[in-house]
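Try each task before reading its solution.

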Amino acid sequence: SGQSSGHHIHFVSFFTPTKMRSSNYVVATSLFFAGIYVNGFLVHSNRSPPTRHCMVASKHSSSEETVHVSSDHVSSYITLRGDGSTGGGGLPMPRSKELQKVDDERSHDDISTDDHLVRPKVGAEMPKGRPPWFRVPAPSQAENSRFQEVQTSLRSLDLHTVCEEAQCPNIGECWNGGTGTIMLLGDTCTRGCMFCAVKTSPTPPPVDPFEPFKTAEAVVKWGVDYIVLTSVDRDDLADGGASHFSQTVQLLKQLKSELLVECLVSDFAGDADAVKTLATSGLDVYAHNVETVERLQRFVRDPRAGYRQSLFTLEHAKSCQPGIYTKTSVMLGLGETDEEVVQAMKDLRSIDVDVITFGQYLRPTEKHLSVVEYVTPEKFEYFKTVGEQMGFKYVASGPMVRSSYKAGEFYLQHMIKKERGDAHYPPGV
């Protein structure tokens, strides 16, 4: 493997010609099927079609040689690599002393299927390979691209994005479209959820008091009509950062009143006053992620988070400002059952959550939870159908869907404007 523009490029050879075995030759470009892995995700550029050859260049000359690869070698590689359908599986749920005593007193055949639920664990076996549906657009490296424009403006104002900090696979699509999800309150979280790539510390650096102004400046410069603000958890702050968020929203609305603002926030440790501060700030979408089904909460999230606490914050936000939209997200592939996912949707609809998204959990590093399974696109489509039947106003469901996702923002923007009847219609009315 080699390096290219900071991204890992994997070169693979299905066979080794005589000249390639010589130390005088190195692979100069990848085979036709090889992609660039950005933050662990396979991406493809649409700028040129794939070719069925690779270039072999001598270390001592600039000459090149074409080496053709047969389709049989491609099939052999895929078979060897795996397609994500085997392996993984998670670990059995830990048994309490009471349940273990019951198990010891009955035969194996008497144990119900509910006893075979699984959970994720760090270091557990991963599925072998990845399914073929993991494909995302590559970030543009052109000097004058929208991607570079967004990146430059963020760097100049010393702003952070969840796109980079959380290693989002959709960064190319969103930034190429001229928008990103800005992460307020710094880049260091006080919690340690086992699925998240954001760095953590019990004592993160102080909050930048000028960040709301910098954020407003950057967003207005981008010229977007919908923006997502998110943040790390800041349990070290009295209100969890709610007032900081509120100030940012108010500045954005002052500079561009028609701008739709979504805030994807923490649970504020269940602080009702903090939730109210943000819910009544003028934002349009109050988002907070439950992350996973109720049974798996303690294995996936920091102990300070909780399923019921998350439901409370979403419910309280809407009670404080009935006109806002509430939104949440659930990761799949962590050992949840279909029934548990459906129950989570029922719980969320019971508190009038408007929008839900489903995406595949992908392990950011070996120090995070292993993937239990890769959920098929058909299963994602099933949950989308169930969610729509339950009455969610919008359901985004797919392997690469994330809670902050450009395609979803586009839909929400038009849905909100349509329901309000006017882009300038004040939130909360």
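**Exercise 1: Overall make-up**

The protein chain holds 14 helices and 20 strands, where helices (H or I, at least four residues) and strands (E, at least two) are DSSP runs numbered from the N terminus. This is a predicted model, in which local features need pLDDT of at least 70, side-chain atom pairs count only at pLDDT 80 or more, and totals for chains, interfaces and linings use all residues. Residues are numbered from 1 along each chain as its sequence is written, and side-chain values use heavy atoms, with hydrogens and water left out.

**Exercise 2: Confidence**

Task: find where pLDDT (the predictor's confidence in each residue, from 0 to 100) stays under 50.

Solution. 
1. Start with the chain: its mean pLDDT is 75, and 62% of its residues reach 70 or more.
2. Residues 1-69 stay under 50, yet the model gives them 126 contacts (heavy atoms within 4.5 Å) beyond four places in sequence.
3. Residues 107-113 are also below 50, with four contacts beyond near neighbours in sequence.
4. Where pLDDT is low, the predicted coordinates should not be read in detail.

**Exercise 3: Burial and contacts**

Task: what share of the 429 residues counts as buried?

Solution. 
1. Apply the cut-offs: buried is under 20% relative accessible area, exposed over 50%, partly exposed in between (1.4 Å probe, protein chains only).
2. By this rule, 49% of the residues are buried.
3. Turn to contacts between residues at least 6 apart in sequence: 74% join residues at least 24 apart.
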